[in-house]
Every structure is written in C-alpha cells, then in structure tokens.
Amino acid sequence: MFVDRVVLEIQAGKGGDGAVSFLREKFRPKGGPDGGDGGDGGSVILRVAPGRMTLADVGGRRHYRAAPGKNGMNRNMAGRGGEDLHLDVPPGTLVYDDATGALVADLTVYGAEFVLCRGGRGGRGNTSFATALNQAPHTATRGGKGEGGKFRFELKLIAEVGIVGLPNAGKSTFLACVTRATPRIASYPFTTLHPHLGVADVHGRELVLADIPGLIEGASEGKGLGDDFLRHIERTRVLLHLVDGSAPDVGGPAPEDAYRTIRGELAAYADGSLARKPELVALNKADALPADEAEARRRALEAAVGAPVRLLSGVSGEGARPLLEALAAQVEAAQAEAAQAESAQAEAASAPAARGAPGPGRNDADESTRTPTPLGAGGAAAR
Ligand SMILES: Nc1nc2c(ncn2[C@@H]2O[C@H](COP(=O)(O)OP(=O)(O)OP(=O)(O)O)[C@@H](O)[C@H]2O)c(=O)[nH]1
Ligand SMILES: [Mg+2]
C-alpha cells in the first residue's frame, strides 16, 4: 500500500524516580544514604531505513510510546533506562508538529537518525544529595516527563527527474524501459494510481526517476486523480514531459494541446514552482507513426514549446538513451546551480547565524536543536 501521509501520537518514556533509602546493616547502623538514581526514559528515534518506500509500516499504528526508565533502588542501584523506540521511515519523510504546523524534521539520507521525542531524565536518588552538612538527606527527585506530541508525517519522494504528461502518454512504459521498475502499464487512462521510483544507470551515474499518475485538465480542481501527488515531484531537479504523438490518430488531443494542458496544471499547482523547473519535452510513441509524420508532429510541437523536442519510443527504446543522458546533464547543471546558490546564501548569512547548527541528522545536544536537520539538499538520496 502506498501511504504518504499519517498523523501519529508519539510519547517518549518518563524517567524513573530517584530512590530514598538508607543503608542498614547489622554492624553499621548509620550507613548513610544509598538511594540510587532513576533510569532515563526511552526516546523515540526516527531512522531512515533501506527498503522503506512509503509510510505504510509506520502508519500501521496511531500511537507510539517508548519505555519508561525504572526507578532507582537501594544499595545505590540506578534504575535501568527505558529502551529507545526506533521508527523506520523512507527517505523524503518530513515531520511536522500537528498543532503548530512547524517543520520538525526533514529526513532525506539513508542511515540518518533524528531524536523526535526525548525520554525524561531519571530522577536523582538521595545518595546524590548527601553533603558534608547533611549526611542523611531524605530528598530525591522524580523522573522527568518524556517529550511527546502529535506529529504529521508526510512523504515527498526524492527523485531527480519527475515524469509528467496526460494519462496514457507512456510515462510508466518509459520508466520500465530505462529502469528495473515494474509499474503497471495499460491502454486505459489512470493506470498509475500512485508514484513509482526507478533508478536508471547513465554511464555509472544513478538517476532516480519518478513516474506519477497522469494529469488532466482541471486536476488542480480535483478532476481525475487530482494533483495532490504532484508534491512527490516538488523536489525533483528536472521534469520530463511526455506527449503522446499518436493520440490524434485515435481521437486524442493534438500534441500541442496536450502539452499546454499539462503546463497549465503545473502552473496551477501550489506556488507555481513546478512550472519553473527545467523541462525536457519528448514526443512519445514515435514507433507508432511513419517517420515523416513523426518528424512533422515533432516540429509542430517544438514550435509550440519554443524549445527542442525529442522523438521517443518507450516501446522500441528509440531515443531513450540520449534522452536519459540529456536528463542527467540537466540534473547535474541544476544541482551545480543549487549548490552555488546555497553557498552564496550561506556566505550572506555568514558567521553569527551559522553557529550552533545541529549535526547531520541528530539532535543530541538539547532542546534548541529541534529544528529541521540540514540533510543534503533533498537531491541525491533514494538509492
Ligand atoms: N506504440 C507505443 N505505445 C506505447 C508507448 N509507450 C506506451 N505505449 C502504450 O500506451 C499505453 C499507456 O502506457 P502507460 O505507460 O501505461 O501510460 P501512462 O502515461 O503511464 O498512463 P497513466 O498511468 O494512466 O497516466 C499502453 O497501452 C502502452 O503500451 C510507445 O512508445 N509506443
Ligand atoms: Mg502510468
């Protein structure tokens, strides 16, 4: 099951209480305090685990609770700490505080960990309160409460290329042609109901492509499958726009019209940033057309797009390799540009603001580090 949004109630363990106890032995009537400290409560830790592609596993329950710490005991025995609870999430998981909507964690890289709710500290036993003046303290402290709350987990797949187009344009066929992914392919619209990722090898470089459901006119108003799944290509660097070149022969739209429909929907989505992404356009199903007709339609589309259009067939593989290479080059250019923009931004923000940034993927210092982790730039992760 593809699950990309869940709300979970999460509670870290309470710390164990410190003990009040005095050593009493036959020949040492005033042996002094011996109450041990309570153990720390278990924390809830998010972990980006391989083999997870959706939030289905973690969404199988609504409540998660880490174990509390045990109370301290006599003979200065500290209580055992509560076990941490690890939740495995796929790369691309964003975690928001459900009440405030604030982003709490952005987990993009395999192996990254993030302490979402810290366990309560164990209380101090009376032994630790003994001083020269007060050698028999009756004081101990209670264990602290564990952090907890309601969190919204949202998945935004991490791919470098997003494949867009009308239903039936051949998006899934192309993904299956260039990667080992096995999406469902059929001659009716809305075959793909949720996004799929595939990894193509371009001269030893892995290129992650996302195949998403087809868009139709009005998708931004909920027509067809709507446009909610477009968030899975928000983080891509480049769009591959596939247009079915054979559609007019079976009563479908002219390639120029199909192209404009999709562009309109991309522009209508969210803040319009999808429409500003670099885009490569290909006239697909070239194998179904006589060569001269394919070329004529390609040119007509090129005129409408105002940029080069390639001929492609996901069935015969014609044009697929050069297209992949062009996509990889575009992705690299976009990455270089983003890196440059980032370093310029960092320079502008310079010293004072940069201090105290949390380490990659952990918030093991204190409260102040419960901010989004600066993990990668959301680019190269789903491997
Ligand atoms: N002749 C020809 N047919 C193709 C080509 N690519 C896809 N098709 C056919 O077009 C139909 C739709 O292909 P899909 O890959 O499922 O299309 P899609 O864009 O993923 O469709 P949705 O998931 O519904 O949005 C299938 O019958 C495919 O066999 C191609 O390059 N040439
Ligand atoms: Mg499909």
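1. Conventions. Residues are numbered from 1 along each chain as its sequence is written, while chains are lettered from A and ligands numbered from 1 in the order in which they are written. The model is predicted: local features need pLDDT of at least 70, side-chain atom pairs count only at pLDDT 80 or more, and totals for chains, interfaces and linings use all residues.

2. Domains. The protein splits into domain 1 (1-155) and domain 2 (161-333). These bounds come from an automatic or database domain assignment. The C-alpha centres of domain 1 and domain 2 are 47 Å apart.

3. Strand S1. Strand S1 (residues 5-11) pairs antiparallel with strand S8 (residues 148-155) through seven bridges. Helices (H or I, at least four residues) and strands (E, at least two) are DSSP runs, numbered from the N terminus. Two strands count as paired if DSSP finds at least two bridges between them. Glutamate 9 faces lysine 150 in S8. S1 also runs parallel to S3, with three bridges. There, glutamine 11 has arginine 65 of S3 as its bridge partner.

4. The S5-S6 hairpin. Strand S5 (residues 93-97) and S6 are antiparallel and joined by four bridges. Valine 95 stands opposite alanine 105 in S6. Five residues lie between the two strands of this hairpin, and glycine 101 in the turn has a positive phi of about 80 degrees. Strand S6 (residues 103-107) is mostly covered, with four of its five residues buried. Buried means 20 or more other C-beta atoms within 10 Å of a residue's own; exposed means 12 or fewer, partly exposed is in between, and C-beta atoms are placed from the backbone.

5. Aspartate 84. This residue sits in the loop between strand S3 (63-65) and strand S4 (85-89). Aspartate 84 is partly exposed, because 18 other C-beta atoms lie within 10 Å. Valine 44 is 40 residues away from aspartate 84 in sequence, yet 5.8 Å away in space, C-alpha to C-alpha. Neighbours within four places aside, aspartate 84 contacts Gly42, Ser43, Ile45 and Ala66. Contact here means C-beta atoms, placed from the backbone, within 7 Å.

6. The six-stranded sheet. The sheet is open, with mixed pairing and the order S10-S11-S9-S12-S13-S14. Strand S10 (196-202) and strand S14 (309-311) are at the edges; each has a single partner strand, so one side of each lacks a neighbour in the sheet. The twist averages 30 degrees from one strand to the next. S10 and strand S11 (residues 205-211) run antiparallel, joined by seven bridges. In this pair, valine 199 is opposite valine 208 in S11.

7. Helices on the sheet. Helix H2 (residues 255-268) packs against strand S9 (161-164), strand S12 (238-244) and strand S13 (279-284), and its direction makes about 145 degrees with that of S12. Helix H3 (residues 291-305) touches S12, S13 and S14, at about 160 degrees to S14. Axes are lines fitted to C-alpha atoms, for helices over the stretch in contact, and angles run from 0 to 180 degrees between N-to-C directions.

8. Helix H1. Seven of the eight residues of H1 are buried, so the rest of the structure largely encloses it. Lys171 and Ser172 are among those buried.

Key. Contact = placed C-beta atoms within 7 Å.
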